[in-house]
Amino acid sequence: MTTTIREGQYAPGQATHDLVVVPFHHPQGCRSYLAVDPDSRRAIAIDPHLDLVDKLEERVRREGWTVAFVLDTHTHADHPSGSAELAARLASVRVAHELARHRGVALHPSDGQELPLGRQRARVFHAPGHTPDHLVVELGGALFSGDTLLIGAVARTDFLGGDAGQLYDTLQRLIRLLPAETVLYPGHDYEGRTRSSLADEQRSNPWLAIREREAFARELSRGAPPRPANMDDLLRLNREGTPIPTTVPAVELVARLGGGGAASVIDVRTGAEYESEHVDGSRWVPLGELVERADEIRAVPAPRMLLCRTGARASVARRELEALGISGLTVIEGGLEALRTAGLATVRGRARMSLERQVRIAAGSLVLAGVALGALVHPALFGLSGAVGAGLVFAGVTDWCGMGLLLARMPWNKARGPLSQIPSGGCAAAPAAGGCSASAPRDPQLPQ
Ligand SMILES: [Fe+2]
């Protein structure tokens, strides 16, 4: 049966035997997919990212599809899986390899097993290498390769029991098994590309040009990129369903920073505060810019560690970001002050007054002014002091301080140095921060 892939498009009543593929792109470089048989409207969801669950569900309900299966290609160590959440919302069967030992998975397919989707059949193959529990899915002329074959790259094999020799065997098997025109949909792409084909990869992917297993394994084991930071939290979520903790003690965070965790620290204080002192390698996104820079935050590998001076503003940031559908947010307990007490050496610049002190000074000055004006000018002006008092009570109860947000926008709270000196998030940082792609082969003797 020849299948036409209609990416993202669904038109009821059109020709049969088509496959509809809907890719979902996450700013972290992750790819989630819906693959749908338009005749039966039965679908499989592949590698849903937790941040994308709402979008997937919305598309499924809008189109009237039935997601029969939700499949994790492997145990993800770099991002939170949304499989459990999506399967629960859509009453789908969860699928993963038996070695994954994910709680709540009902179907562990054998190598080559077919999952029925109306007239289509999703063939699932065991594809060890990146991890021992890796699966790939072939469906209607498309290969959902997870983290085996990526566009112009292959997956890394340096953690979670990965094996470079096994990855070589897996890649050779897939090339032998599947037609060259097979469309490739990878589990990651850090450069915004959406699809390729086996033929294109055989032509241009430097890793597929390596013809010897030993040379492939030797090259892949060389110069591994940094491990995904905070991997343990992600594994507890992805394997056991344990939610990512909403707070982390400062002492624990200091230990994580030694393992490359700084790239996941998001500092929400003002530019002036950040300039005067910050955690080396952290990212700066002030509280007032969270909404407009939400994609930048999504690109930060989860769990995203939110930092302020004491933890109060970071808690506000967590609530605001969760309302935007961003998951995996952890507040650093006690903020920068606790990190300092825990022995962390911070990067220091010219000292600037903290926002909390500015709020205290501003509120106190307004109360004093109200009392003085009430006594000297008109009793109605006592109301100014009352209004400030009411505002402080409101801020204490709701943890939302309008005066603080207003002061944060004042010119003296802006960073004075060029912002390029302050590390900021972005999709390009994802691989360096521990994505699933291997670095390019470097041996000059090998074909490039
Ligand atoms: Fe992976």
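This is a predicted model: local features need pLDDT of at least 70, side-chain atom pairs count only at pLDDT 80 or more; totals for chains, interfaces and linings use all residues.
View 1. Helix α10 itself spans residues 312-323, 12 residues in number. From its first C-alpha to its last, α10 reaches 17 Å, close to the 16 Å expected at 1.5 Å a residue. After α10 comes Gly325, which has a positive phi, near 85°.

**View 2. The open sheet of five strands.** The strands are arranged in the order β15-β20-β19-β16-β18, and their pairing is parallel. At the edges stand β15 (247-248) and β18 (283-284); each has a single partner strand, so one side of each is left without a neighbour in the sheet. Strand β16 (residues 265-267) is joined to β18 by two bridges, and the two strands run parallel. Within this pair, Ile266 stands opposite Arg283 in β18. Helix α10 packs on the sheet, where it touches β19 and β20. The direction of α10 makes about 170° with that of β20.

View 3. Strands of a sheet pair through backbone hydrogen bonds, either parallel or antiparallel. Strand β7 (residues 113-117) and strand β8 (residues 120-126) run antiparallel and are joined by five bridges. Leu117 has Gln120 in β8 as its bridge partner. The hairpin of β7 and β8 has two residues between the strands, and in this hairpin Gly118 adopts a positive phi near 65°. Strand β8 also pairs with strand β9 (residues 135-139), in the antiparallel sense and over four bridges. In this second pairing, Phe125 stands opposite Val136 in β9.

**View 4. Packing of helices α3 and α5.** Two packed helices are described by the angle between their axes and the distance between the axes. For helix α3 (residues 164-177) and helix α5 (residues 213-220), the angle is about 125° and the axes are 8 Å apart. The two helices, α3 and α5, are therefore oblique to each other. The crossing in which α3 passes α5 is right-handed. On the α3 side, the contact is made by Ala164, Gly165 and Tyr168. On the α5 side, Arg213, Phe216, Ala217 and Leu220 take part.

Note on methods. Residues are numbered from 1 along each chain as its sequence is written. The expected span of a helix is 1.5 Å times one less than its number of residues. Two strands pair if DSSP finds at least two bridges between them. Two residues are in contact if their C-beta atoms, placed from the backbone, lie within 7 Å. Axes are lines fitted to C-alpha atoms, for helices over the stretch in contact, and angles run from 0 to 180 degrees between N-to-C directions. Angles under 35 degrees count as roughly parallel, over 145 as roughly antiparallel, 65 to 115 as roughly perpendicular and the rest as oblique. A crossing is left-handed if the near helix is turned anticlockwise from the far one by less than a right angle, and right-handed if clockwise.
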